[in-house]
Amino acid sequence: MTNSSTAEPLLEVRDLQVEFRTKAGTAQAVNGLNVTLHAGETLAILGESGSGKSVTAQAIMGILDMPPGHIAGGEIRYRGEDLLQMPDERRRRLRGMNISMIFQDALSSLNPVLPVGWQIGEMFRVHRGVKRREARQKAVEMMERVGIPAAEKRAGDFPHQFSGGMRQRIMIAMAIALDPDVLIADEPTTALDVTVQAQVMRLLKQLQEEFNMGLILITHDLGVVADVADKIAVMYAGRVMEASDVYSIYSSAAHPYTRGLLASIPRVDGADERLDAIPGLPPALTDMPPGCPFSPRCAFATDRCRTERPELREIAAGHTAACHYAEDFITAEEDQHEPA
Amino acid sequence: MSLPETTSAAAGRGEDPFADAEVVLDVQNLVKHFPLTQGIVFQRRVGAVQAVDDVSFQLRRGETLGIVGESGCGKSTLAKLLMRLEDPDAGAVSFRGEDFLAAKGEHLRRLRRKIQIIFQDPYTSLNPRMSVGDIIAEPFSLHPEEKPAQGVRNRVKELLALVGLNPDHINRYPHQFSGGQRQRIGIARGLALNPDVIICDEPVSALDVSVQAQVMNLLDDLQQQLGLSYIFIAHDLSVVRHIADRVGVMYLGRLAELGTEEEIYREPSHPYTQALLSAVPVPDPTLRGQREQIVLAGDPPNPADPPSGCRFRTRCWKATDICTTQEPQLVSRPGVSQLSACHHAAPDWEVEGAPDDARRNDDSA
Ligand SMILES: Nc1ncnc2c1ncn2[C@@H]1O[C@H](COP(=O)(O)OP(=O)(O)OP(=O)(O)O)[C@@H](O)[C@H]1O
Ligand SMILES: Nc1ncnc2c1ncn2[C@@H]1O[C@H](COP(=O)(O)OP(=O)(O)OP(=O)(O)O)[C@@H](O)[C@H]1O
Ligand code: SF4
Ligand code: SF4
Ligand SMILES: [Mg+2]
Ligand SMILES: [Mg+2]
């Protein structure tokens with residue numbers, strides 16, 4: 001956590017807009033997203049299915065499906081330089097070398113017909129121009145580093161010969177092979193069992209500290225976030241609803257959506273109270289309500305909420321929320337009664 | 001080879017509000033092995049996956065029994081055996097005193113009505129070409145003797161309302177509903193024949209958390225209203241804790257531990273349960289670094305070739321010689337109130353921290 005806000009950020013996303021043009025209309029998958037990442041920092045992007053997490057990651061990596069995808073506006077600055085204005089060739093070089101990514105489903109992201117050692121080695125051959133023998137050696141080193149037993153022997157094995165957790169380790173080995181300084185992990189443990197998830201998260205944290213990487217962790221799991229993140233951005237319908245350091249979100253969430261999420265999850269260490277489910281569903285991205293995107297589900301919505309879109313604004317130092325009445329919710333909590 | 005303690009498959013000695021309730025489902029020593037074959041022309045049997053091995057438990061009226069365990073431990077196979085979608089190799093299942101496995105023809109049909117299942121995937125478990133009304137009414141065409149007096153259509157509308165869907169949407173198709181709504185449709189169909197038992201196989205796993213809470217609350221309400229018994233299968237320990245009255249923990253086809261929700265979550269006695277619970281992240285950053293995690297070394301063993309003795313011994317920090325030679329039975333153990341299949345069972349781990357020796361395996365490499 002070397003996150004002095006004075007140091008130059010590694011990555012700065014400003015007002016990112018991503019659209020998909022579909023038959024049903026234009027879907028605003030990401031709508032004015034702002035996040036900042038420093039070296040050594042873990043930023044969690046949390047949100048439910050379809051909220052725009054993966055699209056954000058793909059836009060940063062430069063691997064968005066275009067078309068139908070289209071970046072309609074904004075900046076993605078890597079060490080001050082806007083990736084969106086960069087010549088393709090240079091951007092390709094940054095990808096993998098400086099910014100790399102781990103996907104949810106390791107099996108479908110690895111090539112089934114190539115040995116894993118070859119696939120890891122390819123990073124060195126393609127980007128570093130290393131010869132085959134040396135690339136293989138480096139691949140084995142990487143496999144050892146991510147905790148694959150008998151790496152030397154197993155480098156010739158194919159992806160299907162590994163368990164889910166081991167495959168995810170292989171993905172991690174590929175992603176960190178070239179010593180990137182930004183690592184984006186899109187639901188890296190969602191497909192894994194909890195004991196394996198714990199191993200993989202621990203490995204990611206270790207590697208991050210060792211290399212002082214900036215880590216963007218995309219997840220829908222509030223437990224994982226609480227365990228590893230330094231700060232968090234909560235997304236809903238393509239927008240950041242609330243962002244702060246990780247402690248403030250859990251102790252004094254200001255946005256009714258964040259508060260609703262926290263009240264709706266059962267806890268392994270918790271009692272049997274009835275869950276406070278959020279009623280209804282997220283809006284269709286092709287048919288967004290005019291005001292606050294959460295207003296159709298929000299118990300506190302007023303006429304203003306239904307007509308005027310709340311901007312993401314600072315409500316306390318380092319804590320932003322996109323709700324007209326955010327301050328009231330925090331104050332109400334301090335006063336121990338419900339907001340008006 | 002087991003300890004001379006009771007081998008009863010009922011709950012342990014902890015507080016159990018259902019202790020006197022009627023047993024609706026009595027499962028004894030259920031076994032299902034899937035043969036593994038090799039060769040193309042002459043298939044040779046080279047072993048078997050022990051998907052369910054010697055599983056016993058009872059389910060009482062109005063109660064929810066949670067089954068947790070990691071991928072491949074046999075949860076869905078158990079569900080299929082209880083539905084008679086698979087035939088067991090050995091064991092007995094009786095439903096309200098009647099032998100369910102021996103039942104045939106009309107008798108089987110009658111019993112089957114009383115046990116329904118809800119599947120994990122609300123996207124694939126509904127026929128996309130059938131209207132919601134037809135999907136929910138389907139059980140009535142399989143069981144015409146159950147045709148409701150008020151007419152099928154009225155009953156379907158009533159069921160839609162019961163699960164919180166708009167009865168006017170009876171003619172819509174599954175793709176016009178969200179995941180949570182489709183899961184409600186599956187629940188409505190499951191309720192059509194007034195079952196006594198509903199087996200839920202990962203019913204909320206595919207849903208977003210806010211929607212997951214809606215479905216869990218619905219299941220709760222229906223249980224209260226209709227006196228249903230649930231077998232609730234999930235890999236999410238938090239979800240199971242929330243909904244279950246009693247919990248069985250499975251590892252490689254066997255029950256490792258069986259007890260009330262309180263016993264399992266507050267005083268887990270089996271090292272595997274302890275490791276599982278310690279690995280679940282808790283949504284509270286102030287507990288970071290305070291909760292000792294038992295990080296298990298290595299991968300789960302091959303289910304076709306489980307270790308001798310205790311199946312967990314290859315990953316267990318407490319294993320001794322007896323664990324290699326004797327398979328521990330699910331029985332009550334000294335100092336432990338629930339049933340535990342561990343030779344060294346002890347409630348010696350708490351949420352706050354694992355014992356020091358637990359970290360012997362603390363190396364994820
Ligand atoms: N290639 C595509 N074509 C059309 N629409 C797309 C495409 N990729 C994503 N979208 C849309 O963009 C929105 C955001 O999708 P995204 O994959 O970012 O969600 P997510 O937050 O990652 O959800 P999940 O948790 O399910 O992975 C969704 O409504 C999705 O349907
Ligand atoms: N029809 C089958 N033929 C052969 N093996 C099978 C069959 N069905 C299941 N198995 C094996 O039996 C074991 C238990 O599978 P099961 O589907 O019951 O696990 P599960 O606990 O439901 O896992 P998950 O959490 O992934 O759903 C696995 O090793 C599986 O590969
Ligand atoms: S702006 Fe209004 S509708 Fe939106 S979250 Fe705040 S109170 Fe609710
Ligand atoms: S029986 Fe032995 S190996 Fe099995 S869980 Fe208990 S201590 Fe561990
Ligand atoms: Mg995604
Ligand atoms: Mg299953």
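1. A:Glu187 counts as buried, at 10% relative accessibility; buried means under 20% relative accessible area, exposed over 50%, and partly exposed in between, with a 1.4 Å probe and protein chains only. The residue sits in the loop between strand 7 (182–186) and helix 8 (194–211) of chain A. Helices (H or I, at least four residues) and strands (E, at least two) are DSSP runs, numbered from the N terminus. A:Glu187 is not a glycine, yet its phi is positive, about 45°. Most residues other than glycine have a negative phi, and most peptide bonds are trans.

2. On provenance: this is a predicted model, in which local features need pLDDT of at least 70 and side-chain atom pairs count only at pLDDT 80 or more, while totals for chains, interfaces and linings use all residues. Residues are numbered from 1 along each chain as its sequence is written, chains are lettered from A and ligands numbered from 1 in the order in which they are written, and side-chain values use heavy atoms, with hydrogens and water left out.

3. B:Asn29 is another backbone point to check. Its phi is near 50°, a positive value in a residue other than glycine. B:Asn29 is in strand 1 (residues 23–38) of chain B and counts as partly exposed, at 38% relative accessibility.

4. Two cis peptide bonds follow one another in chain A. The bond from A:Met66 to A:Pro67 is cis, with omega near -15°, and the bond from A:Pro67 to A:Pro68 is cis, with omega near 5°. A:Pro67 is placed in the loop between helix 1 (53–61) and strand 4 (69–78) of chain A. A:Pro68 is likewise found in the loop between helix 1 and strand 4.

5. What surrounds ligand 2? The shell has 13 residues, of which B:Ser71, B:Gly72, B:Lys75, B:Ser76 and B:Thr77 come nearest; a residue is near a molecule or strand if one of its heavy atoms lies within 4 Å of it. By class there are 5 nonpolar, 5 polar and 3 charged residues. For this count Ala, Val, Leu, Ile, Met, Phe, Trp, Tyr, Cys and Pro are nonpolar, Asp, Glu, Lys and Arg are charged, and the others, Gly among them, are polar. Strand 2 (44–60) and helix 1 (75–82) of chain B each supply at least two residues of the shell. Helix 1 of chain B gives the most, with 3 residues.

6. Polar contacts of ligand 2 involve both backbone and side-chain atoms. A polar contact is a pair of N or O atoms within 3.5 Å; within protein, one must be able to donate a hydrogen and the other to accept it, and residues adjacent in sequence count only if both atoms are side-chain atoms. An N or O atom in the side chain of B:Ser76 lies 2.8 Å from an oxygen atom of ligand 2. For a backbone N or O atom of B:Gly74 the distance to a ligand oxygen is 3.0 Å, and for a polar backbone atom of B:Cys73 it is 3.3 Å. The protein covers 63% of the 640 Å² of accessible area that ligand 2 has on its own. Accessible areas come from the Shrake-Rupley method with a 1.4 Å probe; for residues, only the protein chains shown count as cover.

7. Ligand 4 also has 13 residues around it, and B:Cys310, B:Cys316, B:Cys323, B:Cys342 and B:His343 come nearest. By class, its shell has 8 nonpolar, 3 polar and 2 charged residues.

8. The contact between the chains takes 44 residues from chain A and 46 residues from chain B, where contact means heavy atoms within 4.5 Å. About 4000 Å² is buried between chain A and chain B, and carbon and sulfur atoms give 54% of that. Buried area is the accessible area (1.4 Å probe) that two parts lose on being put together, summed over both. On the chain A side, A:Thr195, A:Arg202 and A:Val268 lose the most area to chain B, together 16% of what that side buries.

9. B:Asn217 lies in helix 6 (residues 209–226) of chain B. Leaving aside neighbours within four places in sequence, B:Asn217 is in contact with A:Arg274, A:Leu275 and A:Ala277. At 6% relative accessibility, B:Asn217 counts as buried.

10. Chain B contains 10 helices and 12 strands. Of its 365 residues, 56% count as buried.
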